[in-house]
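I opened this entry to keep a record of what I looked up, strand by strand and residue by residue. The sequence and model come first, and my notes follow.

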Amino acid sequence: EALGNDQNYKESVHGQHGVTDFRFRYSLRAHAGAYDNAGTIAWSRAVATPLVARFGSLPNRAISGVAFDPRRAIALAFKPAEESGHILRIQETAGRSGAIDIRVQGYREVMLTDLLERDRRRLDIRDGLVTVDLKANGFATFRLKP
């Protein structure tokens, strides 16, 4: 936890549908003196981690219909779903928990998924927006269906 592990224990100990190849990234820092838990947590949250990006393209309709406050979160992935629609993965970057609105214009159904993109629950769409609670620096993944 001190190094920024914000993964849900109950989620990560379940079988991962046969997936056995994972990539983990760690940032380490040497220091002198006694262990300072609060300082370690603050540093781990402030460490600059480069985004891993791949260029691609999606139809303009899909891109223009999805939006959220860039002061609160960044999109880590926006890609075609295996079945239909799109997968949107976001990370809260403002460092504060709370609700965030996501515009999903052009989509009729939004499912909150787990990290392996398995549907967990349907989200209500009101006036073209879904609202989801995010933990500070947390992640969320959605399946957007046309």
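I began with Ala67, which stands opposite Arg103 in S4. I kept in mind that this is a predicted model, in which local features need pLDDT of at least 70, side-chain atom pairs count only at pLDDT 80 or more, and totals for chains, interfaces and linings use all residues. Residues are numbered from 1 along each chain as its sequence is written, and side-chain values use heavy atoms, with hydrogens and water left out.

Entry: Strands here are DSSP runs (E, at least two residues), numbered from the N terminus. S1 and S4 belong to an open sheet of three strands, ordered S1-S4-S7 with antiparallel pairing. Strand S1 (66–68) and strand S7 (129–134) are at the edges with a single partner strand each, so one side of each has no neighbour in the sheet. I also recorded that neighbouring strands of this sheet are turned by 30° against each other on average, direction ignored, the axes being lines fitted to C-alpha atoms and angles in general running from 0 to 180 degrees between N-to-C directions.

**Entry: strand S8.** I then asked why strand S8 (residues 139–145) can be called largely enclosed by the rest of the structure. Six of its seven residues are buried, so the description follows from that count; buried means under 20% relative accessible area, exposed over 50%, and partly exposed in between, with a 1.4 Å probe and protein chains only. Strand S3 (residues 86–92) runs antiparallel to S8 and is joined to it by six bridges, while S5 is joined to S8 by five bridges, also antiparallel. Arg143 in S8 stands opposite Ile87 and is the bridge partner of Met111.

Entry: Within S8 I looked up Thr141, which is buried at a relative accessible area of 2%. Glu117 counts as buried because its relative accessibility is 17%. Beyond four places in sequence, Glu117 is in contact (heavy atoms within 4.5 Å) with Lys79, Ile87, Arg89, Thr141 and Arg143.

**Entry: Glu92.** Which backbone nitrogen does the side chain of Glu92 reach? I found that of Asn137, at 2.9 Å. Glu92 is in strand S3 and is buried, with a relative accessible area of 0%.

**Entry: the core.** Lastly I took the largest nonpolar core, of 18 residues, in which Leu88, Ile90, Ile102, Phe142 and Leu144 touch the most other members; such a core is a set of buried Ala, Val, Leu, Ile, Met, Phe, Trp, Tyr and Cys residues joined through side-chain atoms within 4.5 Å. S1, S3, S4, S5, S7 and S8 each supply at least two residues of this core.

Notes. Two strands pair if DSSP finds at least two bridges between them. Helices (H or I, at least four residues) and strands (E, at least two) are DSSP runs, numbered from the N terminus. A polar contact is a pair of N or O atoms within 3.5 Å; within protein, one must be able to donate a hydrogen and the other to accept it, and residues adjacent in sequence count only if both atoms are side-chain atoms.
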